[in-house]
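User: I am new to this structure and would like to know what the terms used for it rest on. Please take them one at a time.

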Amino acid sequence: MDQDMIPRLLKEKSMIVFRYIMIILFLFISSAPGNKVFLRTIPLEQLVRLSDMILVVRPLKPFMASESIKIPGYNKRESSKIIPDFQTHSLNVEVLRVVSDRLHKNLTGAKIAIYPAYAQEGLYLHTKYYAEGIAKSPLNYRYDSILSEESLEKENEFVAFVTYSWTREGGQTDFEFTAARSFDRAEVIPKVEEMLKKVNQTE
(Lines give C-alpha, C1' and ligand atoms only; values in the text may rest on other atoms or scores of the structure.)
Protein backbone atom coordinates (compact mmCIF):
# COMPACT_ATOMS: atom_id res chain seq x y z
CA MET A 1 0.00 0.00 0.00
CA ASP A 2 1.20 3.47 -0.89
CA GLN A 3 2.51 5.11 2.31
CA ASP A 4 0.83 8.38 1.32
CA MET A 5 -2.57 6.64 1.33
CA ILE A 6 -2.40 5.58 5.01
CA PRO A 7 -2.85 9.09 6.51
CA ARG A 8 -5.66 9.76 4.02
CA LEU A 9 -7.48 6.52 4.92
CA LEU A 10 -7.08 7.24 8.63
CA LYS A 11 -8.48 10.72 8.08
CA GLU A 12 -11.46 9.33 6.14
CA LYS A 13 -12.18 6.78 8.90
CA SER A 14 -11.98 9.51 11.52
CA MET A 15 -14.49 11.60 9.60
CA ILE A 16 -16.89 8.62 9.33
CA VAL A 17 -16.63 7.97 13.10
CA PHE A 18 -17.19 11.68 13.77
CA ARG A 19 -20.33 11.68 11.60
CA TYR A 20 -21.73 8.66 13.46
CA ILE A 21 -21.05 10.33 16.82
CA MET A 22 -22.84 13.49 15.68
CA ILE A 23 -25.82 11.47 14.43
CA ILE A 24 -26.09 9.60 17.75
CA LEU A 25 -25.86 12.85 19.70
CA PHE A 26 -28.52 14.43 17.50
CA LEU A 27 -30.89 11.50 18.05
CA PHE A 28 -30.29 11.56 21.79
CA ILE A 29 -30.90 15.30 22.04
CA SER A 30 -34.01 15.04 19.85
CA SER A 31 -35.60 12.31 21.96
CA ALA A 32 -34.50 13.54 25.38
CA PRO A 33 -37.25 16.17 26.01
CA GLY A 34 -40.13 13.70 25.95
CA ASN A 35 -41.48 10.17 25.75
CA LYS A 36 -41.40 8.16 22.56
CA VAL A 37 -44.52 6.17 21.73
CA PHE A 38 -44.44 2.99 19.66
CA LEU A 39 -47.59 1.89 17.84
CA ARG A 40 -48.71 -1.62 16.90
CA THR A 41 -51.53 -2.02 14.39
CA ILE A 42 -54.43 -4.20 15.52
CA PRO A 43 -57.30 -5.69 13.47
CA LEU A 44 -60.94 -4.71 13.81
CA GLU A 45 -61.79 -7.81 15.86
CA GLN A 46 -59.24 -6.96 18.54
CA LEU A 47 -60.41 -3.35 18.59
CA VAL A 48 -63.98 -4.53 19.21
CA ARG A 49 -62.82 -6.66 22.14
CA LEU A 50 -60.84 -3.82 23.69
CA SER A 51 -63.53 -1.14 23.42
CA ASP A 52 -65.79 -0.27 26.36
CA MET A 53 -68.26 1.36 23.99
CA ILE A 54 -68.87 1.38 20.25
CA LEU A 55 -70.87 4.42 19.22
CA VAL A 56 -72.29 5.84 16.02
CA VAL A 57 -71.76 9.59 16.31
CA ARG A 58 -72.03 12.76 14.28
CA PRO A 59 -69.64 15.74 14.47
CA LEU A 60 -70.75 18.88 16.31
CA LYS A 61 -69.55 22.45 15.89
CA PRO A 62 -67.00 23.33 17.03
CA PHE A 63 -65.76 19.82 16.28
CA MET A 64 -62.24 20.02 17.71
CA ALA A 65 -61.43 21.83 20.94
CA SER A 66 -57.89 22.39 22.23
CA GLU A 67 -57.28 22.11 25.95
CA SER A 68 -54.47 22.84 28.39
CA ILE A 69 -54.68 20.72 31.53
CA LYS A 70 -52.93 22.35 34.46
CA ILE A 71 -50.74 20.15 36.64
CA PRO A 72 -50.49 21.08 40.33
CA GLY A 73 -47.01 21.85 41.71
CA TYR A 74 -45.26 18.57 42.40
CA ASN A 75 -43.47 18.30 45.74
CA LYS A 76 -40.54 15.87 45.66
CA ARG A 77 -37.83 15.78 48.33
CA GLU A 78 -38.87 19.18 49.65
CA SER A 79 -38.41 20.85 46.27
CA SER A 80 -41.44 22.01 44.34
CA LYS A 81 -41.39 21.82 40.55
CA ILE A 82 -43.69 23.69 38.21
CA ILE A 83 -44.88 21.33 35.50
CA PRO A 84 -45.94 22.75 32.11
CA ASP A 85 -49.58 22.37 31.14
CA PHE A 86 -50.47 19.15 29.34
CA GLN A 87 -51.63 19.99 25.83
CA THR A 88 -54.41 17.88 24.34
CA HIS A 89 -57.65 18.21 22.39
CA SER A 90 -61.06 16.59 22.17
CA LEU A 91 -63.64 15.92 19.46
CA ASN A 92 -67.21 17.05 20.15
CA VAL A 93 -69.84 14.61 18.92
CA GLU A 94 -73.48 13.64 19.42
CA VAL A 95 -74.23 9.97 20.00
CA LEU A 96 -76.77 8.74 17.44
CA ARG A 97 -76.69 5.06 18.32
CA VAL A 98 -75.03 2.79 20.86
CA VAL A 99 -73.79 -0.41 19.21
CA SER A 100 -72.09 -1.77 22.33
CA ASP A 101 -71.97 -0.42 25.89
CA ARG A 102 -70.10 -2.29 28.63
CA LEU A 103 -70.17 0.79 30.85
CA HIS A 104 -73.99 1.03 30.90
CA LYS A 105 -73.84 4.80 30.35
CA ASN A 106 -76.97 5.07 28.14
CA LEU A 107 -75.45 7.78 25.97
CA THR A 108 -77.97 7.78 23.09
CA GLY A 109 -78.64 11.43 22.23
CA ALA A 110 -75.88 12.67 24.53
CA LYS A 111 -73.27 15.21 23.46
CA ILE A 112 -69.84 14.07 24.56
CA ALA A 113 -66.16 14.95 24.09
CA ILE A 114 -63.78 12.19 23.06
CA TYR A 115 -60.07 12.61 23.74
CA PRO A 116 -57.21 10.98 21.81
CA ALA A 117 -56.30 7.41 22.67
CA TYR A 118 -54.08 7.08 25.75
CA ALA A 119 -54.70 10.68 26.81
CA GLN A 120 -54.78 9.70 30.47
CA GLU A 121 -51.56 7.74 30.09
CA GLY A 122 -50.00 10.70 28.26
CA LEU A 123 -50.96 12.99 31.14
CA TYR A 124 -49.32 10.60 33.62
CA LEU A 125 -46.12 10.29 31.56
CA HIS A 126 -46.01 14.06 31.07
CA THR A 127 -46.18 14.59 34.84
CA LYS A 128 -43.57 11.91 35.60
CA TYR A 129 -41.15 13.32 33.06
CA TYR A 130 -41.26 16.92 34.23
CA ALA A 131 -41.49 16.05 37.94
CA GLU A 132 -38.90 13.28 38.14
CA GLY A 133 -37.13 13.21 34.78
CA ILE A 134 -38.51 9.73 34.06
CA ALA A 135 -39.19 9.04 30.38
CA LYS A 136 -40.87 5.89 29.14
CA SER A 137 -41.61 4.46 25.71
CA PRO A 138 -45.00 2.75 25.85
CA LEU A 139 -46.27 0.35 23.19
CA ASN A 140 -49.77 1.48 22.20
CA TYR A 141 -52.31 0.17 19.73
CA ARG A 142 -53.32 1.67 16.41
CA TYR A 143 -56.25 0.80 14.15
CA ASP A 144 -55.70 1.10 10.41
CA SER A 145 -58.74 3.24 9.65
CA ILE A 146 -59.55 4.51 6.17
CA LEU A 147 -60.46 7.82 7.83
CA SER A 148 -58.14 10.41 9.32
CA GLU A 149 -58.95 12.62 12.28
CA GLU A 150 -58.85 15.64 9.97
CA SER A 151 -61.52 14.13 7.69
CA LEU A 152 -63.99 13.18 10.44
CA GLU A 153 -65.62 16.61 10.52
CA LYS A 154 -66.80 16.10 6.94
CA GLU A 155 -68.53 12.80 7.73
CA ASN A 156 -72.28 12.83 8.39
CA GLU A 157 -71.68 10.07 10.92
CA PHE A 158 -68.91 7.68 11.89
CA VAL A 159 -68.23 4.84 14.31
CA ALA A 160 -66.18 5.68 17.39
CA PHE A 161 -64.50 2.90 19.38
CA VAL A 162 -64.26 4.38 22.85
CA THR A 163 -62.99 3.54 26.31
CA TYR A 164 -63.52 5.16 29.71
CA SER A 165 -60.78 7.63 30.57
CA TRP A 166 -61.17 9.35 33.93
CA THR A 167 -63.57 11.34 36.08
CA ARG A 168 -62.50 14.88 36.93
CA GLU A 169 -62.91 16.65 40.24
CA GLY A 170 -66.18 18.26 39.12
CA GLY A 171 -67.65 14.87 38.27
CA GLN A 172 -67.22 15.18 34.49
CA THR A 173 -66.56 11.80 32.87
CA ASP A 174 -64.09 11.85 30.00
CA PHE A 175 -63.81 9.27 27.26
CA GLU A 176 -60.97 8.55 24.87
CA PHE A 177 -60.56 6.52 21.72
CA THR A 178 -59.61 2.92 22.43
CA ALA A 179 -56.61 3.03 20.11
CA ALA A 180 -55.01 5.54 17.81
CA ARG A 181 -57.31 6.19 14.82
CA SER A 182 -60.03 3.95 16.31
CA PHE A 183 -62.85 5.30 14.20
CA ASP A 184 -64.35 4.15 10.93
CA ARG A 185 -67.26 4.61 8.56
CA ALA A 186 -70.68 3.27 9.59
CA GLU A 187 -70.44 0.59 6.90
CA VAL A 188 -68.31 -1.53 9.27
CA ILE A 189 -71.24 -1.94 11.72
CA PRO A 190 -72.49 -5.29 10.28
CA LYS A 191 -68.99 -6.75 10.74
CA VAL A 192 -68.79 -5.29 14.23
CA GLU A 193 -72.15 -6.78 15.22
CA GLU A 194 -71.07 -10.23 14.00
CA MET A 195 -67.86 -9.93 16.01
CA LEU A 196 -69.82 -8.84 19.10
CA LYS A 197 -71.97 -12.00 18.83
CA LYS A 198 -68.81 -14.11 18.90
CA VAL A 199 -67.43 -12.15 21.84
CA ASN A 200 -70.66 -12.58 23.81
CA GLN A 201 -70.69 -16.31 23.11
CA THR A 202 -67.16 -16.77 24.48
CA GLU A 203 -67.71 -14.68 27.63
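User: What makes the span of helix α4 close to the one expected?

Analyst: This is a predicted model, and in it α4 covers residues 189-202, which is 14 residues. From the first C-alpha to the last, α4 reaches 20 Å. At 1.5 Å a residue the expected value is 20 Å, and the helix is close to that.

User: Which residues of α4 are buried, and how do you know that they are on the same side?

Analyst: The buried residues of α4 are Ile-189, Val-192, Met-195, Leu-196 and Val-199. They cover an arc of only 120° around the axis, so they lie on the same side of α4. The face turned away from that buried side carries exposed residues, namely Pro-190, Lys-191, Lys-198 and Gln-201.

User: What lines the largest pocket?

Analyst: The lining of the largest pocket consists of 23 residues. Those nearest its centre are Pro-116, Ala-117, Tyr-118, Ala-119 and Gly-122. β5 (86-101) and α3 (119-132) each supply at least two residues of the lining. α3 gives the most, with 5 residues. The space in the largest pocket is about 450 Å³.

User: How do you know that empty space is there?

Analyst: A probe the size of a water molecule is rolled over the atoms, and this shows where empty space is left.

User: What is the phi of Arg-181, and why is Arg-181 called partly exposed?

Analyst: The phi of Arg-181 is near 60°, a positive value in a residue other than glycine. Arg-181 lies in the loop between β9 (173-177) and β10 (183-184). The relative accessible area of Arg-181 is 28%, so the residue is partly exposed.

User: What makes the peptide bond between Lys-61 and Pro-62 a cis bond?

Analyst: Omega of the bond that joins Lys-61 and Pro-62 is about -5°, and the bond is cis. Most peptide bonds are trans. Pro-62 lies in strand β2 (residues 53-69).

User: How many helices and strands does the protein have, and in what order do they run?

Analyst: There are 4 helices and 10 strands. From the N terminus on, the order is α-β-α-β-β-β-β-β-α-β-β-β-β-α.

User: What share of the residues is buried, and what share of the contacts joins residues 24 or more positions apart?

Analyst: Of the 203 residues of the protein, 37% count as buried. Among contacts with a separation of 6 or more, 74% are between residues 24 or more positions apart. The protein exposes about 13000 Å², and carbon and sulfur atoms supply 55% of that area.

Key
Residues numbered from 1 in each chain as written. Predicted model: local features only at pLDDT ≥ 70, side-chain atom pairs only at ≥ 80, totals over all residues. Heavy atoms only, no water. Buried < 20%, exposed > 50% of the residue type's maximum accessible area, 1.4 Å probe, protein only. Contact = heavy atoms within 4.5 Å. Areas by Shrake-Rupley, 256 points an atom, 1.4 Å probe, with all protein chains shown as cover. Expected span 1.5 Å × (residues − 1). Arc of directions from axis to C-beta. 1 Å grid on protein atoms, 1.4 Å probe; cavity = no way out; pocket = protein on both sides within 12 Å on 5 of 7 lines; lining within 4 Å. Points joined across faces, edges and corners; volume = space filled by probe spheres on them.
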